[in-house]
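Subject: Structure handover

Hello,

Here is the structure we talked about. Please open it alongside these notes.

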Amino acid sequence: NDTNIVGSNGAYFAVQMNGYNNKIVNSDLSHLAAGGIIIGGGDFADNRIIPDCVRAAMDKQPVIVRNPNSTRPYQHVLEPVFAYLYVAQRQYEDKAISGCYNVGPDERDCITTGELAELFCKEWGGIRWVNEHCGGPRESGFLKLDCSRIKRALGWHPVWDIESAVRAVVEWARVWSAGGDAGACMDTQIERFISDSDLIKR
């Protein structure tokens, strides 16, 4: 359900950033961090798996999954947001570690779109997903980010596994669909994320 642009665009921007650093500003402080396929509350775009799941759940209809066997580096939106800030802080403190970093889930959390839909349905309860491939843009069958550099150089690692990420998505979606305080739910999730991380200093 997600047309991927991680690989080619990530490489393109890495080249552009290096050129900017070396030729224009002559600086080692600029950085680039690229995330995976982002999921989280508040995404209402068309033809994206999590918004499709939420709409189907609210309508009490099966979730239509068009490419269930496509493996993707799904991650909760808080993962790259905090990782980008962490990279910026560490590079400000030590310009020797400037450069480009991938920010993605651990290998065990790179799952298929069908598996993601199954996790969502299980967490929401009372709904199911169906495989209904109907053409559309061609997608790569397997995509994953190599995050070895950020783990090795900065000691970074994901905070939430894919089950925790989906749980947070469903939690937010239920509050929003019931007309509750989605902002307060978001604040609570941020606090929980910070509490679960051993890299974020209070």
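A word on terms first: buried means under 20% relative accessible area, exposed means over 50%, and partly exposed is in between (1.4 Å probe, protein chains only). This is a predicted model: local features need pLDDT of at least 70, side-chain atom pairs count only at pLDDT 80 or more, and totals for chains, interfaces and linings use all residues. Residues are numbered from 1 along each chain as its sequence is written, and side-chain values use heavy atoms, with hydrogens and water left out.

Aromatic rings
Rings of Phe, Tyr and Trp (its six-membered ring) pair if their centres lie within 6.5 Å; planes under 30 degrees apart are stacked, over 60 edge-to-face, the rest tilted. That rule gives six aromatic pairs. One of them is Phe120 with Trp124, stacked at 5.7 Å centre to centre with 20 degrees between the planes. Both sit in helix H4 (residues 113-124), four residues apart, about one turn of the helix. Helices (H or I, at least four residues) and strands (E, at least two) are DSSP runs, numbered from the N terminus. Phe120 is buried at 0% relative accessibility. Trp124 is buried too, at 11%.

Trp172 and Trp176 are also stacked, at 6.3 Å between centres and 10 degrees between planes. They are four residues apart in helix H6, so about one helical turn separates them. Trp172 is buried at 7%, but Trp176 is partly exposed at 36%. Ring pairs join Phe44 to Trp172 and Trp176 in a cluster.

Charges over rings
Here NZ of Lys or CZ of Arg must be within 6 Å of the ring centre and within 35 degrees of the ring normal. The charged end of Arg174 sits over the ring of Trp124, 4.1 Å from its centre. Arg149 lies over the face of Tyr101, 4.4 Å from the ring centre.

Backbone
Most residues other than glycine have a negative phi. Asn47 has a positive phi of about 60 degrees. Asn47 is in the loop between strand E2 (37-39) and helix H2 (49-59). Lys60 also has a positive phi, near 55 degrees. Lys60 lies in the loop between H2 and strand E3 (63-65). At 70% relative accessibility, Lys60 is exposed.

Best wishes
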